Amino acid sequence: MTSLDAHRVVDAVWKMESARIVAGLVRMVGDVGLAEELAQDAVLAALERWPGAGVPDNPGAWLMTVAKRRAVDHLRREERRDRGQEQLAHDLATRPDDGERDVDDVVDTLDGEVGDDVLRLMFVSCHPVLSTEARVALTLRLIGGLRTDEIARAFLVSESAVAQRIVRAKRALADAHVPFEVPSGPERAARLSSVLEVIYLVFNEGYAATAGDDLMRPSLCLEALRLGRVLAELTPDEAEVHGLVALMELQQSRSAARIGPSGEPVVLHEQNRGRWDPLLIRRGFAALLRARQAGGPLGPYVLQAAIAACHARAATPEETDWPQIAALYEALVRVLPTPVVQLNRAVALAMAYGPRVGLTLVDTLTGEPALKGYHLLPAVRGDLLARLGRHDEARAEFDRAASLTRNTAERSVLLRRAATCGQEAQEAQEGGEGGKAREAAAEAGPADAEVTLGRAMGLFLARPDLSADTIRSYNQTLARLCRHLGEDVPLRDVTSHRVAEVFAAAWGTAAGATWNRHRAALRSFAAWAAERGWAAAGLAAPLDRRPEPRARPRPIDRSRLDSLWERPDVPLRERALWLLLYESAAPAEWALSLDVEDLDLPGMRGRVKARGHWLRWQSGTAALLPLLVGDRRRGPLFLADRRPGPGRMPAAADLCPHTGRGRLSYERAEYLFKRATRDLDPEGGGYTLHRLRHSRLAHLGEDGWSAPMLMSLSGHASARTLHGFVRVPRPADTVA
């Protein structure tokens with residue numbers, strides 16, 4: 001073996017084993033700087049011996065053995081007073097040296113709570129005596145085995161700045177006599193965020209190497225995943241820990257498809273999704289679900305994991321829910337407003353709404369100092385320019401990106417993209433107006449033949465001018481169309497006759513108000529699609545508006561309701577909800593918005609935060625709510641039947657941290673009540689929750705309640721709205 005070969009082998013082994021070696025040495029000598037020096041001594045010994053003797057069968061174990069012997073020699077010379085280390089030196093001095101196993105047997109006696117030296121070393125590297133930048137830089141150095149220049153690349157800062165951070169960090173740890181242990185309690189929580197940042201940076205360095213000939217360094221990805229999983233077991237109630245694990249699992253699931261036959265990187269939309277690892281995807285979904293079960297506000301890792309889940313759910317690139325991904329990036333920007341996140345958001349916006357939208361945002365980032373040497377900024381800009389037909393500008397951007405990257409595989413791809421853009425620019429010039437036509441087509445968005453019903457529905461509902469309630473209402477209508485006609489049907493093939501058939505089957509017997517609501521949603525969608533030339537404006541033409549009776553519904557007979565309360569087959573949740581609605585005479589939306597922490601069970605009331613109103617109930621509800629709540633302390637009072645799927649999570653306020661289930665929706669509650677009351681309704685359709693409330697008001701009016709009394713109970717803002725239930729006195733009736 002030549003000296004050059006030895007250097008290559010040692011460098012490769014160091015990349016894989018440095019964290020374990022340094023961590024084991026820190027446990028022995030109690031000093032990070034000294035441990036790294038001893039590890040480097042072992043590396044020098046390898047460079048001296050391996051060219052002549054050859055590489056040992058287990059080079060990592062060889063380095064560890066030599067490094068530990070160096071540490072033992074140091075302990076003997078220094079005669080440290082620490083009891084554990086003194087016992088270690090004495091034990092090693094009085095027994096024969098049988099090699100690495102003998103050393104490990106004694107060192108293992110010093111283990112603490114967690115038998116993972118690398119994890120201990122990570123928490124030491126992230127100690128509060130260090131600045132955030134120093135913590136990350138030192139851990140990347142010790143855990144990831146990265147060189148100073150590679151760390152500088154990851155941080156987008158100068159190499160000298162990183163070197164100074166590492167030197168100062170080692171000195172600060174030595175001066176503070178930081179113990180080699182995994183902290184517990186509040187101290188662990190305080191150091192957790194920087195530990196997560198480090199783990200993810202280590203993963204990213206393995207997932208997309210900043211330098212070298214290889215695109216990936218799988219050992220770093222696996223080490224980061226291992227550390228993340230161990231950390232998740234240590235902190236089961238930390239949502240961000242599970243979010244990070246989910247993010248890494250889902251990204252790692254694509255690793256086999258990211259590299260082509262020649263080692264070139266393969267972009268996401270061109271990857272063979274059949275090579276994605278289904279086991280890692282399932283593990284990622286499970287970790288994301290655990291993150292949501294932990295509760296709390298959505299943090300950056302949970303949001304990024306939700307974005308990765310959107311990609312994992314799509315069987316083909318065309319099925320990717322880009323509007324949903326763009327919305328998730330919008331939320332991510334609010335909690336992590338970094339230039340890199342904005343750049344990723346620009347890509348999502350371009351995929352969802354066209355390259356012009358994405359380019360507008362990218363252009364605002366060109367002056368960001370942190371992105372000055374970041375090769376992905378010109379790479380993204382070049383891709384968007386190419387999609388707009390501006391090939392000359394795109395070629396320049398790809399050339400600049402290639403000059404900035406230090407990864408050989410990425411540079412080759414970027415140079416090929418630049419060459420392709422150059423050829424297309426030349427063809428566009430020769431074609432005269434052909435290039436301008438292509439640019440206009442790209443800016444206009446997808447061609448008519450390419451727009452499917454599902455795609456158009458997603459773009460329509462992703463408009464920023466729609467409120468959450470409007471989106472929910474419109475989605476009910478359009479989702480039904482997609483189920484009947486197919487999401488992949490071209491929008492131009494959807495005719496008014498087919499739409500009328502869907503409406504007749506779905507809502508032919510519905511009340512006038514329901515029919516008109518779905519009709520209005522379709523009319524809005526049809527007008528929007530017609531403006532873009534994707535569909536005819538008359539999609540809703542055969543659907544006539546139906547009259548809506550203004551008379552109040554007749555109250556449900558009291559005997560029928562009494563029989564409903566006594567039915568043994570009614571589940572506890574439904575029984576409690578229906579009794580609560582009846583006894584409080586409150587709108588169903590208010591009751592469904594109640595949270596466990598807002599209940600005053602002894603006082604038989606619950607506060608509706610959005611309205612500032614107390615719902616009050618009676619003994620029937622009071623007997624059921626404690627059984628329904630159980631040992632839950634926070635989260636929605638009425639829960640859905642099952643947990644939400646990954647990537648479709650509700651807002652944090654609508655998720656139970658104890659069970660992982662979301663808040664029961666109005667639509668589901670209405671369906672359950674109508675189904676349960678079909679046999680009580682003479683018309684056979686079942687009663688509505690709205691009618692249940694009005695029945696209570698009518699019954700109380702029959703019992704002699706006055707308008708002010710009903711207003712206080714039900715939350716009505718005006719006595720005039722109660723005229724159908726009680727006699728509201730007119731001004732002439734009042735006594736002066």
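Good morning. I begin at a turning point of the chain: G704 follows helix 31 and has a positive phi, near 100°. Helices here are DSSP runs of H or I with at least four residues, strands are runs of E with at least two, and both are numbered from the N terminus.

Please note that this is a predicted model, in which local features need pLDDT of at least 70 and side-chain atom pairs count only at pLDDT 80 or more, while totals for chains, interfaces and linings use all residues. Residues are numbered from 1 along each chain as its sequence is written, and side-chain values use heavy atoms, with hydrogens and water left out.

Let us stay with helix 31, residues 689–702. Twelve of the 14 residues are buried, so helix 31 is largely enclosed by the rest of the structure. Buried means under 20% relative accessible area, with exposed over 50% and partly exposed in between, using a 1.4 Å probe and protein chains only. Among the buried residues are R691, H694 and R696. R696 also lies over the face of Y582, at 4.8 Å from the ring centre. For a charge over a ring, NZ of Lys or CZ of Arg must be within 6 Å of the ring centre and within 35 degrees of the ring normal.

R605 is the bridge partner of D600. Strand 3 and strand 4 (residues 605–608) pair in the antiparallel sense over two bridges; pairing requires at least two DSSP bridges. The open sheet has three strands in the order 3-4-5, with antiparallel pairing. Its edge strands are strand 3 (599–600) and strand 5 (613–616), each pairing on one side only.

Finally, the aromatic rings. The structure holds twelve aromatic pairs. Rings of Phe, Tyr and Trp (its six-membered ring) pair if their centres lie within 6.5 Å; planes under 30 degrees apart are stacked, over 60 edge-to-face, and the rest tilted. The rings of Y200 and Y301 have centres 5.8 Å apart and planes at 90°, so this pair is edge-to-face. Y200 lies in helix 10 and Y301 in helix 14, 101 residues apart, so the pair links distant parts of the chain.
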